[in-house]
Amino acid sequence: MNESNPFLDPVRQPQLYGHASRLAGRTSALMRAKTTGHPVPETIVSLVQTHHARPDRLGAVLDIGCGRGTSSLILAEQLRPERVVGLDAAPALLAQARERVKNLPDSTVEFVEGDFHDLPLPDRSSDVVVAAFCLYHSPRPQDVVGQIARVLAPGGVAVLVTKGLDSYREMDQLVACAGLDPRAAQHESLYTAAHSDNLADIAASSLDVIAVLDEEHVFTFDGHDHSAQYLATSPKYDLAPGLYGNPGALAATLHEFLPDEPLTTRSRITFVVAHPNDGRMA
């Protein structure tokens, strides 16, 4: 059994993000289950509007780990900057993101493939940098924050977002009780590298932290079929051959071993807002 953290294993990345449909299915199932918690992109917009000195006159906004482009589009629509650059390392996700904007008139959004350890942008070029749900994919998140500090313009604002270490632990219990992975609750958290309790310290390695916001998000899955849509592409568990990526087969196993009932699970979402710390504040 491979004990390495899948979010930090480069060999696993094509499996996790090589098909946009897998991420879309998992995200869709999670959002359909959500009962408590503000939409994360809207919270990011609100934090930028509160903490940037000129939120109505933004130049470039960089969205690191943009995935399928959902947050990039919301940033463009609600902040109305001159330009939004969405950056991700997964070509399949970027292809879907580009497809979503190709017919938008006068779109100010572009998507770029790149490594967040070496951002392909000039120094001091971005008024806002967002890194939501991506820093835990780096074994060296402080290096990524250093890159964010480099590209952040004078007076700029960075918004970093992550999850708590014990997010979705009720899912661990479901998977273990069904015998899908008896050690589900013993696996290392996917968010170990950058989580709610260390994100502010990581940000402070290169930035001035000015605000930290914690919010509990609650999700209620309406039964095994719904839970399986999320679990089928979760990389945390050691599932039997034929179950990964197959929500129908996974749901059938859950139905076989456990009564079908709703499942409520939680995640602590942490937002860290920061400015450049090198005296460049306008």
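The questions and answers below concern a predicted model of a protein.

Me: How many helices and strands does the secondary structure of the protein come to?
Reply: The model is predicted, and its secondary structure consists of both helices and strands. Counted over the protein, these come to ten helices and eight strands.

Me: What does the radius of gyration say about how compact the protein is, and what is its value?
Reply: For 282 residues the globule rule gives 19 Å, and the radius of gyration is close to that figure, so the protein is as compact as a globular protein of that length. Along the principal axes, the C-alpha atoms fill a box of roughly 60 × 40 × 35 Å. The radius of gyration itself is 19 Å.

Me: Among contacts between residues at least 6 apart in sequence, what percentage join residues at least 24 apart?
Reply: Buried residues make up 53% of the 282 residues in the protein, and the contacts can be sorted by how far apart in sequence their residues lie. Among those between residues at least 6 apart, the share that joins residues at least 24 apart is 80%.

Me: Which strand pairs with E8 over 14 bridges?
Reply: Strand E8, residues 263-276, is mostly covered, with eleven of its 14 residues buried. Strand E6, residues 152-163, pairs with E8 in the antiparallel sense over six bridges, and within E8 it is Thr270 that stands opposite Thr162. The antiparallel pairing over 14 bridges, by contrast, joins E8 to residues 207-221, and Val273 in E8 is the bridge partner of Ala211. The strand asked for is E7.

Me: Is Ser234 buried or exposed?
Reply: Ser234 lies in the loop between helix H9 (224-231) and helix H10 (247-257). Leaving aside residues up to four places away in sequence, Ser234 touches Arg26 and Tyr244. Its relative accessible area is 4%, and because the cut-off for burial is under 20%, Ser234 with that 4% counts as buried.

Me: What covers the buried residues of H7, including which strands?
Reply: In helix H7, which spans residues 169-177, the buried residues are Glu170, Met171, Asp172, Leu174 and Val175. Their cover includes the helices H9 and H10. It also includes two strands, E7 and E8.

Me: Which residue with a positive phi follows H7?
Reply: Helix H7 comprises residues 169-177, and the residue in question comes after this helix with a phi near 75°. That residue is Gly179.

Conventions: Residues are numbered from 1 along each chain as its sequence is written. This is a predicted model: local features need pLDDT of at least 70, side-chain atom pairs count only at pLDDT 80 or more; totals for chains, interfaces and linings use all residues. Side-chain values use heavy atoms; hydrogens and water are left out. Helices (H or I, at least four residues) and strands (E, at least two) are DSSP runs, numbered from the N terminus. The radius of gyration is taken over C-alpha atoms; the globule rule is 2.2 Å times the number of residues to the power 0.38. Buried means under 20% relative accessible area, exposed over 50%, partly exposed in between (1.4 Å probe, protein chains only). Contact means heavy atoms within 4.5 Å. Two strands pair if DSSP finds at least two bridges between them.
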